[in-house]
Amino acid sequence: MIPVTKPFLPPKEEYHRYLDGIWERNWLTNNGPLVNELELKLKSHLDVNHLLFTNNGTIAIQIAIKALGLSGEIITTPFSYVATTSSIVWEGCKPVFVDIDPNTLNLDPTKIEEAISPQTSAILATHVYGVPCNVEAIEKIAKKHQLKVIYDGAHAFGVKIKGRSIFEYGDISTCSFHATKVFHTIEGGGVFTKDPELLKRMSYLRNFGHDGFLKFNGVGINGKNSEFHAAMGLVNMNYLADIIAARKLQFHHYLDLLKGLKVKFLDIVGIESYNYAYFPIIFENEGQLEKSMALLSDHEIGSRRYFFPGLNHLDYTSGETPVSDSISSRVLCLPLYHGLSKEEQKMIARILLRVQNN
């Protein structure tokens, strides 16, 4: 079977060397030395001011919302993974959906202002498939209306805007280091900010509010991560360049193989340090997608309707977003991972072209 994605795993012996140190120290969690080392190396690699390693990307969003003291309504995108919306609701806020740009698939800045109300406290936008949002337009709107900005950068590890890390934009940015991501720590995530006071606040929030052993600074949660997860991240950092180079070749090989397919491809022209996180294709209609997905499945090839359904169609949300609804019904992500072979890509392409020509 060819899965839609497969986690990268480094050589066992390299991971085991870190495990030997964990056994010697008998320090498994609670801000251990490997967690600190990973945070420092990520800061250097990404060239960011501040970050905290969390136990996943969802808790990272929740911590961001809590740290900014948000309430009421948060303007967000319907075209993202469910965690973007569920985190808003979990923190007692209301998601207000604004439609997406049909080209970038990100939140459409031209539609944000009409959705702002006296209850609006923030904008939470996703860099979909690693394609940067229009951060300048969003910042301008946020300043005009005195709103906070959070970016869900789960797909955007390593991507830059005008020479700066994508995580340097907004009041807080978040990322996922889940096993399926370009860079992973098995489970994990991060929060990023330029504001040292926000970082301090989030450090309390990440660890139950602990301010030392006997003092607490406000309400917190358990958002820490372990030495075992940090160890995986430290080893995987050594392979990042190879992982991204392989994915880049696969991405462009798909483009060559699928030239005759009547689909729309992701536009990555001009994106700095793009990470080739996904290979989505947008069909002309949902029927063609369903036929293609079924034939791929018959050949034991995984694909994913990512994202479907739109987040405005959950059982606890609502909203009219026709562009997102249309894209969501027609988008399919093809297999893309470090070990995918050219022969496997050729087989996938042949199947997709066969569906179109039948």
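A: A residue counts as buried when its relative accessible area is under 20%. The model is a predicted one, and by that cut-off helix H4, which spans residues 82-90, has these buried residues: Ala83, Thr84, Thr85, Ser87 and Ile88. An α-helix has 3.6 residues a turn, so residues three or four places apart point the same way. The cover over the buried residues of H4 includes one helix, H3 (57-67). It also includes strands, namely S2 (73-76), S3 (94-97), S4 (120-126) and S5 (148-152). Just after H4 comes glycine 92, whose phi is positive, at about 80 degrees.

Rolling a probe the size of a water molecule over the atoms shows where empty space is left. Two cavities of 30 Å³ or more are found in the structure.

The largest cavity has a volume of about 70 Å³. Its lining consists of 13 residues, and those nearest the centre are Lys6, Pro7, Phe8, Lys181 and Arg247. By type, this lining has six nonpolar, four polar and three charged residues.

The second largest cavity has a volume of about 50 Å³. Among the residues that line it are Ala154, His155, Phe157, Ser176 and Lys181; Val182, Phe183, Asn275, Ala277 and Tyr278 also belong to the lining. Here the division is six nonpolar, three polar and one charged.

Note on methods
Residues are numbered from 1 along each chain as its sequence is written. This is a predicted model: local features need pLDDT of at least 70, side-chain atom pairs count only at pLDDT 80 or more; totals for chains, interfaces and linings use all residues. Side-chain values use heavy atoms; hydrogens and water are left out. Buried means under 20% relative accessible area, exposed over 50%, partly exposed in between (1.4 Å probe, protein chains only). Helices (H or I, at least four residues) and strands (E, at least two) are DSSP runs, numbered from the N terminus. Contact means heavy atoms within 4.5 Å. On a 1 Å grid over the protein atoms alone, a cavity is a set of points where a 1.4 Å probe fits but cannot get out, and a pocket is an open set with protein on both sides within 12 Å along at least five of seven lines; lining residues have an atom within 4 Å of a point. Grid points are joined across faces, edges and corners, and a volume is the space filled by probe spheres set on the points. Ala, Val, Leu, Ile, Met, Phe, Trp, Tyr, Cys and Pro count as nonpolar, Asp, Glu, Lys and Arg as charged, and the others, Gly among them, as polar.
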